[in-house]
Amino acid sequence: MANEYAVNRADLVRVADAIREKGKTSDQLVFPSGFVSAVDGIKAGGLNFEVVGSTEQPANPKENTIWVETDQEITGWSFADIEPVTTPEEPIGHVWFTPISRGKQSINALAENTIQLYLNKVFQRTSGEWTVRDAMIYVNGEWCDVGIQWLFESGYGENALFDYEHEGNSTIDVSVDRIKTNYSSTNNGQMLISAEFDATGLNTLYVEAEVTKHNNNTYVKTGFAVNSTAHAYIGLLSCAVYFNITENSSKKVYTLPISELDGIQKFITVGLLGAEIYNIWCE
Amino acid sequence: MVVFIDQDFKCHIRNDGTMTEIHADFFDGKCDAFIEGYRFIPAGENWTREDGAVFHGEMVAPWKPYSELDAAQREYERELAKAAMILLGEGDE
């Protein structure tokens with residue numbers, strides 16, 4: 001048997017390309033050591049994503065990158081369908097992902113046997129507790145928000161994803177658990193809670209609330225609305241979508257269709273309204 | 001403002017004889033193209049979206065891309081302003 005063989009350059013390139021595709025790399029491979037190293041580095045099945053932590057969005061991410069916005073070094077990560085317990089046992093820096101059954105976008109978790117992973121909340125162990133972190137995933141060449149887009153969530157109000165604005169002759173009380181609104185005057189007026197969010201690709205706005213005081217005055221309507229303008233003063237007539245609440249109710253979920261809205265929108269409540277709002281989210 | 005809704009709750013400026021008349025302040029000052037890009041679901045009625053999601057009245061929501069409706073309304077308002085200027089003798093015809 002001969003010890004040396006002539007190899008066509010094109011065939012070598014084909015082999016190198018195949019190794020690069022399997023190894024998910026674009027590095028130049030030097031024959032033979034580079035080929036050997038690259039093959040050794042190919043993960044046999046297994047995970048198809050990586051988790052990175054930084055305060056700035058990564059500039060050249062690979063597909064299925066999960067970016068956790070944090071200044072705390074990530075020391076490990078885990079997935080669980082429940083939220084972490086109050087007293088962490090994991091080391092500082094550990095990231096806890098809570099997948100959900102559906103959401104806005106998913107990652108392809110396994111290279112060979114595809115499992116689509118939808119992420120919801122992301123926590124990181126800081127000094128003595130779990131801290132909610134923002135996260136995004138890099139899918140199909142662009143960054144996407146993970147899971148359900150929360151605007152306000154009971155129990156996490158302090159970590160709510162939106163900043164609210166309040167206008168009008170009314171009181172508003174925002175705590176960790178809920179937003180309480182109350183308009184005490186019997187006169188007409190405007191009361192707003194506005195929060196900006198990107199409605200692109202979202203289909204439904206959900207608001208879970210108990211309505212304690214509605215007003216069916218023909219000039220001022222109560223309800224939840226999504227406004228397409230950037231005006232600081234937002235009246236009912238400048239809203240893109242609205243739902244008119246005509247009676248008081250115990251806690252229930254109100255829904256608004258927002259699939260025809262793109263870009264930055266503002267969630268607001270308008271008019272004479274007394275309510276306790278527990279959760280606001282979009283899917 | 002009076003508009004007409006069909007069986008799919010889509011709004012129309014004119015009644016073809018099969019529609020329901022409704023009164024909606026929401027459409028005051030809105031042009032025809034804007035109005036006819038909307039659904040109006042009356043109180044007590046439900047509308048089911050094609051993905052199965054159910055929405056309850058009273059609700060007003062676009063069924064056409066809102067950016068198109070907004071563009072039509074802005075053009076309408078520009079034409080109104082132009083006509084007003086002409087009437088005041090301050091614009092060119």
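Mentor: Two strands count as paired if DSSP finds at least two bridges between them. Keep in mind that this is a predicted model.

Trainee: What makes β1(A) and β2 of chain A a pair?

Mentor: The rule asks for at least two bridges, and 5 bridges join β1(A) to β2, residues 65–69 of chain A.

Trainee: What stands out about A:N140?

Mentor: A:N140 lies in the loop between β8 (135–139) and β9 of chain A. Most residues other than glycine have a negative phi. Phi of A:N140 is near 55°, a positive value, and the residue is not glycine.

Trainee: How do you know that A:K180 and A:E276 form a salt bridge?

Mentor: The cut-off is 4 Å between a side-chain nitrogen of Lys or Arg and a carboxyl oxygen of Asp or Glu. Here the closest N and O atoms are 3.9 Å apart, so the pair passes. A:K180 sits in β13 (residues 179–182) of chain A and A:E276 in β20 (residues 274–282) of chain A, 96 residues apart, and the pair thus links distant parts of the chain. Over all chains the search finds 7 salt bridges.

Trainee: How many salt bridges does the rule find across the interface of chain A and chain B?

Mentor: The count there is 0. Polar contacts are another matter: 7 residue pairs, both members at pLDDT 80 or more, are in polar contact across the interface.

Trainee: What makes up the side of chain A that touches chain B?

Mentor: The elements that give two or more residues are β17 (239–244) and β18 (249–257) of chain A. β17(A) gives the most, with 6 residues. By class, that side divides into 11 nonpolar, 7 polar and 2 charged residues.

Trainee: How many residues are in contact, and what area is buried between chain A and chain B?

Mentor: With heavy atoms within 4.5 Å as the test, 20 residues of chain A are in contact with 19 residues of chain B. The buried area is about 1,700 Å², of which carbon and sulfur atoms give 54%.

Trainee: How do you know that β17(A) pairs with β7 of chain B?

Mentor: The threshold is at least two bridges, and 2 bridges are found between β17(A) and β7 (residues 59–62) of chain B. They therefore count as paired, and the sense is antiparallel.

Trainee: Why is the peptide bond between B:G57 and B:E58 called cis?

Mentor: Its omega is about 5°. Most peptide bonds are trans. B:E58 is placed in the loop between β6 (54–56) and β7 of chain B.

Trainee: What makes β2 and β3 of chain B edge strands?

Mentor: In the open sheet of 3 strands ordered β2-β1-β3 in chain B, with antiparallel pairing, β2 (11–12) and β3 (20–23) each pair on one side only. β1 (residues 2–5) of chain B pairs with β3(B) over 4 bridges, and B:V3 stands opposite B:I22.

Key: Residues numbered from 1 in each chain as written. Chains lettered and ligands numbered in written order. Predicted model: local features only at pLDDT ≥ 70, side-chain atom pairs only at ≥ 80, totals over all residues. Heavy atoms only, no water. Buried area = accessible area lost by both parts, 1.4 Å probe. Polar contact = N/O pair within 3.5 Å; in protein donor to acceptor, adjacent residues only side chain to side chain. Nonpolar A, V, L, I, M, F, W, Y, C, P; charged D, E, K, R; others polar.
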